Amino acid sequence: MDRTSLITLAYLAASVLFILALKGLTHPRTAVRGNLIGALGMALAILATLAHEDLVGKTLGYLLVFIGFLIGGIAGAIAALKVPMTAMPQMVALFNGFGGGASVLVAGVELATHVPAPVGIDPVVLSGLLAGLIGAVTFWGSLLAFAKLEEYKAFRKPFQYPYQQPINAVLGAIVLLFVVTGVASHNPLWIYWLLVLVSSVLGVLLVNPIGGADMPVVIALLNSYSGLAACATGFVLQNAVLIIAGSLVGASGFILTSIMCKAMNRSLWHVLFGVLGPTESTPSEDEVYGGKVKSAMAEELALLFDGARRVVIVPGYGMAVAQAQHAVRDLMNLLESRGTTVEFAIHPVAGRMPGHMNVLLAEAEVPYEKLKELEEINPVMAETDVAIVIGANDVVNPLAKTDPKSPIAGMPIVEVDRAKTVVVIKRSLSPGFAGIPNPLFGAPNCLMYFADGKQAVLNLVNAIRE
């Protein structure tokens, strides 16, 4: 069997491993194995690429590849060791961005040496232009998403300017015009870099108005973009494994985006071009909370668990910020030692990326079978003695069910308001990402525990023990 056949076979095997990896990543119990299978597939694809005839015998080529391995390996190792689990959404945003940026550079280099077909549409040129467009939007959009997630002061609020949507529409038309012009040109390289420049501006302007409440959807969508950019680059290089891997990432990212939009009861169009936030009809905090909020301390709350048979814990982004997942696990173990059934209600958009809460709880070794989705937990919420909400807000806001004019109207929520008693652990009454008050906090069956999430849970564990 010749070298080309072996490389093709290795690429095919790598593609199969990528598919198996995605299948493994669909469930928490098999996610670690799926991740390892994906890494094995990538290693096989890299080895096959290194055996390509364009590299064999070229010392300089292998030296550059080795330097790239060294830089990337060191950066990856530092990120794996230093970046906390709470910052995983930011890391995912960066990974998406780097994938798009790599596609831009690879497609640009290939177009620099490619001779366009004399007549007709050259598929390499068309694929390269699309890779540059999607890759540039992904790179700069992901960098801005990273800055928003890190809450850098300059990016906490969108920068305002008139005619935002018309300007975006004009830029979109311009990049499409560049694609058409580039395909028809005999020297598409200069058009390519103009396309990349305008697409970079478009990527920033598209992500700019999107708020924190929509970040899970944005991250999933940018992930899809990075896959599509890689797929287009695969057609430029005529590389089968890159086409297949890019297609898998693009399709899975778009499916996840659709799931996130459904979980928020919003269309993708509204996520990208709408604004999620309070309106003129939104009641003020004084109207919602005035004289209704009841606070309690750990010693008082501990009494609730004396005869509790069923407890449901609802984690949110506040739990991630406080890094309270291990304290929550200790609370679970303590309650179960007293004969109490403890489960976790996981909302699809709790946190800042899909599966954020699942990852944090898995890190704390909370059993997978205790993580329940809305369809499983809501039907039994009325039978729950105590529901503990830790740092969640919009995903437990009953306005989604009761107020058709609310910005979150129709969004599926964890129906903790139906539990016999609700304990909400928050630093204050500040609103969630949607920017609207939560009437749950003033409900007759709700007690507020104002404190840092981790310290509050530790205090509660000590109070129950005593």
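## Salt bridges

A salt bridge is a side-chain nitrogen of Lys or Arg within 4 Å of a carboxyl oxygen of Asp or Glu. This is a predicted model: local features need pLDDT of at least 70, side-chain atom pairs count only at pLDDT 80 or more, and totals for chains, interfaces and linings use all residues. Residues are numbered from 1 along each chain as its sequence is written, and side-chain values use heavy atoms, with hydrogens and water left out.

By the salt-bridge rule, the count is eight. One of them joins the side chains of K420 and D385, at 3.3 Å from N to O. K420 sits in the loop between helix 17 (399-402) and strand 5 (421-426), and D385 in the loop between helix 16 (374-377) and strand 4 (386-390), so the pair ties together parts 35 residues apart in sequence. Helices (H or I, at least four residues) and strands (E, at least two) are DSSP runs, numbered from the N terminus. D385 is buried, at 13% relative accessible area. K420 is partly exposed, at 47%. Buried means under 20% relative accessible area, exposed over 50%, and partly exposed in between (1.4 Å probe, protein chains only).

D306 and R338 form another salt bridge, at 3.2 Å from N to O. D306 lies in the loop between helix 12 (298-302) and strand 1 (310-315), and R338 in the loop between helix 14 and strand 2 (341-345), so this pair links parts 32 residues apart in sequence. D306 is exposed at 56%. R338 is partly exposed at 38%.

## Helix 7

Helix 7 (residues 189-207) has 19 residues, which at 1.5 Å a residue should span 27 Å; its end C-alpha atoms are 27 Å apart, in agreement. The expected span is 1.5 Å times one less than the number of residues.

Its buried residues include I191, Y192, L195 and V196. Helix 4 (88-113), helix 5 (123-149) and helix 6 (164-184) are among the elements covering the buried residues. Contact here means heavy atoms within 4.5 Å.

## Nonpolar surface patch

L60, L63, L64, F66, I67, L70, I71, I74 and I78 form a nonpolar patch on the surface, with about 910 Å² of accessible area together. I74 lies in helix 3 (residues 59-82). I74 is partly exposed, at 47%.

## Positive phi in loops

Q238 is not a glycine, yet its phi is positive, about 55°. Q238 lies in the loop between helix 8 (215-237) and helix 9 (240-264). Q238 is exposed, at 66% relative accessible area.

Notes
Patch = residues over 30% accessible without salt bridge, like charges linked within 9 Å, V, L, I, M, F, W, Y side chains within 5 Å. Areas by Shrake-Rupley, 256 points an atom, 1.4 Å probe, with all protein chains shown as cover.
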